Amino acid sequence: MNRTYKDARVKRTLQSLSNALICLMKEHVIQNITIKHLCEEANVTRQTFYSHFHDLDNFVDYISQVILKDFRSKVHTAVAKKPKDLLSLKNHQSFISIFEHIMDNQAFYESFLVKNPTSPFAEGLKREIKDFIRDGLNMVASDDTSLILPREVVIQYTTAGIFEVIIWWIRNNYPYSIEEMAQMLLQQSIKGPYSNEF
């Protein structure tokens with residue numbers, strides 16, 4: 001069999017399985033989904049499924065890693081483009097990248113994050129956000145003399161805030177635009193929630 005054709009067929013199979021899982025998770029929690037249900041929804045044989053994955057957990061982990069790798073690539077690339085301007089309230093491309101990634105993978109985030117906040121994907125997303133915050137903080141404050149709080153406290157606090165804001169944004173049907181969310185998170189991260197007159 002032609003390798004290119006085989007690779008394309010595998011890619012289509014994995015995409016069908018991914019789409020089927022997201023569709024099923026709109027109606028069921030992950031614990032109630034079986035491989036039989038998944039394969040029927042994807043129109044894929046169980047034999048085909050088992051040729052790629054040991055079980056459903058293995059498959060979910062695979063999808064999570066693919067999405068998280070894409071998140072890492074897009075968000076960290078945005079940070080690296082203008083490292084010296086991270087404290088400027090006009091430079092929020094890195095935050096825009098976070099919300100663009102959510103919208104590009106909207107069904108996945110809704111199923112694996114909002115409906116399953118303790119899923120492996122949710123835990124992985126927390127780690128990616130933490131790395132994003134740590135990298136940004138290291139670029140603008142390479143030593144602790146410019147910080148009034150311990151570095152790890154800043155990282156943990158900011159990570160938790162961004163993570164919960166993302167869940168809130170999705171759960172409330174995206175009440176603010178990507179641009180607005182990015183600007184607000186940057187403002188909160190750099191200046192806090194207070195007006196200049198405060």
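**Exercise 1. Salt bridges**

State how many salt bridges the structure holds, and work through the one between Glu128 and Arg72.

*Solution.* 
Step 1. The count for this predicted model is six salt bridges.
Step 2. In one of them, the side chains of Glu128 and Arg72 meet at 2.7 Å, N to O.
Step 3. Glu128 lies in helix H7 and Arg72 in helix H4, so the pair ties together parts that are 56 residues apart in sequence.
Step 4. Check the accessibility of each end. Glu128 has a relative accessible area of 6% and is buried. Arg72 has 34% and counts as partly exposed.
Step 5. List what Glu128 touches, leaving out residues up to four places away in sequence. The set is Leu68, Phe71, Arg72 and His76.

**Exercise 2. A network of charges**

*Solution.* 
Step 1. Take the accessibility next. Glu152 is partly exposed, at 40%. Arg134 is partly exposed too, at 25%.
Step 2. Shared partners extend the set: Asp131, Arg134 and Glu152 form one network.

**Exercise 3. The nonpolar core**

Describe the largest nonpolar core: how many residues has it, which have the most contacts inside it, and which element gives the largest share?

*Solution.* 
Step 1. The core has 55 residues.
Step 2. Those with the most contacts inside it are Leu21, Leu38, Phe59, Ile98, Leu113, Ile166 and Ile170.
Step 3. Now the elements. Two or more core residues come from each of H1 (3-25), H2 (35-42), H4 (56-81), H5 (93-104), H6 (106-114), H7 (120-140), H8 and H9 (178-190).
Step 4. Helix H4 gives the largest share, eight residues.
Step 5. Beyond its neighbours within four places in sequence, Phe59 contacts Leu17, Ser18, Leu21, Leu38, Phe49 and Phe53.

**Exercise 4. Cysteines**

How many disulfides does a search of the whole structure find? Are Cys23 and Cys39 buried or partly exposed?

*Solution.* 
Step 1. The search of the whole structure finds zero disulfides.
Step 2. Cys23 has a relative accessible area of 37%, which makes it partly exposed.
Step 3. Cys39 has 4% relative accessibility and counts as buried.

**Exercise 5. A nonpolar surface patch**

Which residues make the nonpolar surface patch of about 340 Å²? Where is Val153?

*Solution.* 
Step 1. The patch is made by Ile148, Leu149 and Val153.
Step 2. Val153 sits in helix H8, residues 151-171.
Step 3. Its relative accessibility is 44%, so Val153 counts as partly exposed.
Step 4. Patch residues need over 30% relative accessible area, and Val153 at 44% passes that cut-off.

**Exercise 6. Positive phi in a loop**

Take Asn173 and Tyr174, in the loop between H8 and H9. What is the phi of each? Which is buried and which is exposed?

*Solution.* 
Step 1. Asn173 is not a glycine, yet its phi is positive, about 60°.
Step 2. Tyr174 is not a glycine either, and its phi is positive at about 55°.
Step 3. Asn173 has 62% relative accessibility and counts as exposed.
Step 4. Tyr174 has 15% and counts as buried. The cut-off for buried is under 20%.

Note on methods. Residues numbered from 1 in each chain as written. Predicted model: local features only at pLDDT ≥ 70, side-chain atom pairs only at ≥ 80, totals over all residues. Heavy atoms only, no water. Patch = residues over 30% accessible without salt bridge, like charges linked within 9 Å, V, L, I, M, F, W, Y side chains within 5 Å. Areas by Shrake-Rupley, 256 points an atom, 1.4 Å probe, with all protein chains shown as cover. Salt bridge = Lys/Arg side-chain N within 4 Å of Asp/Glu carboxyl O. Helix = DSSP H or I, 4+ residues; strand = E, 2+ residues; numbered from the N terminus. Buried < 20%, exposed > 50% of the residue type's maximum accessible area, 1.4 Å probe, protein only. Core = buried A, V, L, I, M, F, W, Y, C linked by side-chain atoms within 4.5 Å. Contact = heavy atoms within 4.5 Å. Disulfide = S-S within 2.5 Å.
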